[in-house]
Amino acid sequence: MDNKLQIVPLGGLGEFGMNCMALRYGDDIIVIDAGMMFPEAELLGVDVVTPDFTWLEQQKEHVRGLILTHGHEDHIGAVPFFLSDINVPVYGTPFTLALVERRLEEHDLLKTAKLHEVQPGRKIELGPFMIEFIHVTHSIVSAVALAITTPLGVIIHTGDFKVDPTPTDNILFDLHTLADYGRRGVLLLMSDSTNVDRPGYTESERAIRPRFEDLFNRAERRMIISCFSSSVHRLQEIIDFSAEYGRKVAFLGRSMNTTTEIAHDLGLLHIPDNLLLRPQDIMQAQPSKVCVVVSGTQGEPMSALSRLAVDNHKNLSVEAGDTVVLSARIIPGNEKPIYRMINHLAKRGAELVYGTMNPPVHVSGHASAEELKLVLNLVRPRYFMPIHGEYRQLAKHATLAQHLRRSGLEETFILETGDSLEIDRTGARKGDKVPVGRVCIDSGSLDEVVEDLVIRDRRHLSEDGFVLPIIAINKHTGRSETLPEIVSRGFVSFEDGSGLLQEARQIVHRTLETSTNEERTDWGVMQEKIRADLRRFLNKQTSRRPLIMPVILEV
Ligand SMILES: [Zn+2]
Ligand SMILES: [Zn+2]
């Protein structure tokens, strides 16, 4: 039978984050990465956005496995949600899987998950697919590209990468293997487009050394450095500088502690003996002998750095003369909370180092244009499909590949999430659309998939405010003996004693009085009744629909 190959992006193409790619040959399906996306501001209060896996669920008996390229959130963040629906074997490097394990543990899925470690250079076989893991350099350690041999030819998926000629762990990008595949012929290349706008080459992880050296030389008091906890290269640099300049290192923040522990256990992070300082000992140590590494570069409200900024961390007070370094990119959309945090730290008299300056305190993990061309030239695919990026980046990456037309490139396909590409013996073409979408999840919990209704509620909350009727019920008599109180925010400014408020209190009171004894023993019913009556009243009086949340107190 003549089977066709189907390439189906379920996330990450034409959008930023939540990378997920399905490949199907005949009936057999494999999936590459299951990432999440941090929600945009209009998704009020939603914590996590993941791809909609419905298309896969409908044929889950055919899904052979989930393969992870590396441990960044936009590649593994949705794994728990994926596995709770489609519990197939998961393949990744040991570090990637250790990060996944932590996530699965939080969701109580670790016992049922089937995790398989694969070292770079090794191959696995899943149905008609033979998959080789190829080591690449990226801002996280243990990242791989995939060479997937199918009955129709080889597909290369780069994952995220840059071509770092001097990685801090000295484990080089396996360009040889990539070139070998290129020489033997590659059917399709899918390559990371994140930094296609940047000309030239992305700096090596080591490019931060001159700036860090200068900072360590000049700092007379504490060094406080914030970076992504998954940036093991960066952490190694900080540890090495601290050791060299006689500073002890303390880690603050949960993610920072777990990731450094994982990386240390796997031998990916080298920490000299006696270098570590316990967080509770920071304030006792001589400030010139301390380097504190904290998580929270993006101004996340509960992060260690945010708490330091408002002097609300139990282990450390930032003091005048301390140096605070933000060794990370400011992710677009996060500017406000980040600058607010920086302002707070500046008010505390700290010297702040952040943003793009030369020499840099942060370098990107993604390949710039020349590196992308290098990979294109080594692989010389018959078909090319840019991945990981918004449409403009995919389009630009497509034009970068034009020169390969004379070297065997037949066609470049720009696909967005939900499109599909079909390849058979006669060639490649765009195929049918598949159902895709985004799933919004509250508080990172599996059960709390936010319905559209909730998001609508939240929009009301932001536009019309909320009203909180507070009802005190005597637990012996089941009756409310005082008139209910009403608290509101963001709703029409009705001051205490105003007519509307008084009337609203009467409405709630009447609802209580007219309810049966049985209704009154069921809080759920009472809350619903109060909400309905009050909504009708307020809507009629003000034409607005605030979020109404009755609170019933037993007294
Ligand atoms: Zn990524
Ligand atoms: Zn990445």
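Reader: What makes Leu421 a partner of strand 21, and which residue there is its bridge partner?

Author: In this predicted model, the bridge partner of Leu421 in strand 21 is Lys430.

Reader: How do you know that strand 20 and strand 21 pair, and in which sense?

Author: Two strands count as paired with at least two bridges between them. Strand 20 (residues 421-424) and strand 21 have four bridges, in the antiparallel sense, so they meet that cut-off.

Reader: Which strands stand at the edges of the sheet, and what makes them edge strands?

Author: The sheet is open and has eight strands with mixed pairing, in the order 7-6-5-3-2-1-20-21. Strand 7 (115-117) and strand 21 (427-430) each have a single partner strand, so one side of each lacks a neighbour in the sheet. On average, neighbouring strands here are turned by 20° against each other, direction ignored.

Reader: How do you know that helix 4 packs on this sheet?

Author: Contact needs heavy atoms within 4.5 Å. Helix 4 (residues 94-106) touches strand 6 (90-92) and strand 7, and its direction makes about 160° with that of strand 7.

Reader: Why is the site of the zinc ion (ligand 2) called irregular?

Author: The donor atoms come from His70 (NE2), His72 (ND1), His138 (NE2) and Asp160 (OD), at 2.2 to 2.3 Å. The angles among the four donor atoms run from 88 to 162°. A tetrahedral site needs all angles between 85 and 135 degrees, so the value of 162° rules that label out. The site is classed as irregular.

Reader: How are the donor residues of the zinc ion (ligand 2) spaced in sequence, and which parts of the chain do His138 and Asp160 link?

Author: The spacing is H-x1-H-x65-H-x21-D. His138 belongs to the loop between strand 9 (129-136) and strand 10 (143-150), while Asp160 is in the loop between strand 11 (153-157) and helix 5 (175-184), 22 residues apart.

Reader: What makes Asp160 a bridge between metals?

Author: Asp160 bridges the zinc ion (ligand 2) and the zinc ion (ligand 1), which lie 3.4 Å apart.

Reader: Are His138 and Asp160 buried or exposed, and how do you know?

Author: Buried means under 20% relative accessible area. His138 has 2% and Asp160 has 1%, so both count as buried.

Reader: Why is Met190 called buried?

Author: Met190, in strand 12 (residues 186-192), has 0% relative accessibility, which is under the 20% cut-off, so the label applies. Among the residues Met190 touches are Ile7, Met21, Ile155 and Met385.

Reader: What makes one face of helix 6 a buried face?

Author: In helix 6 (residues 209-218), Arg211, Phe212, Leu215 and Phe216 are buried. Seen down the helix axis, the buried residues fall within an arc of 130°, so they line one face. Their cover includes strand 13 (223-226), helix 7 (232-244) and strand 16 (323-326).

Reader: How do you know that both faces of strand 16 are covered?

Author: Thr323 and Val325 on one side are buried, and Val324 and Leu326 on the other are buried too. Strand 16 pairs in the parallel sense with strand 13 over four bridges, and with strand 17 over three bridges, again parallel. Ile225 has Val325 as its bridge partner in strand 16.

Terms used
Residues are numbered from 1 along each chain as its sequence is written. Chains are lettered from A and ligands numbered from 1 in the order in which they are written. This is a predicted model: local features need pLDDT of at least 70, side-chain atom pairs count only at pLDDT 80 or more; totals for chains, interfaces and linings use all residues. Side-chain values use heavy atoms; hydrogens and water are left out. Donors are N, O and S atoms within 2.8 Å of the metal (3.2 Å for Na, K and Ca); water is not among the atoms, so sites may look incomplete. Four donors count as tetrahedral if all angles lie between 85 and 135 degrees; four count as square planar and six as octahedral if opposite donors are over 155 degrees apart and all others between 65 and 115; anything else is irregular. Helices (H or I, at least four residues) and strands (E, at least two) are DSSP runs, numbered from the N terminus. Buried means under 20% relative accessible area, exposed over 50%, partly exposed in between (1.4 Å probe, protein chains only). Axes are lines fitted to C-alpha atoms, for helices over the stretch in contact, and angles run from 0 to 180 degrees between N-to-C directions. The arc is that of the directions from the helix axis to the C-beta atoms. Lists of a residue's contacts leave out its neighbours within four places in sequence.
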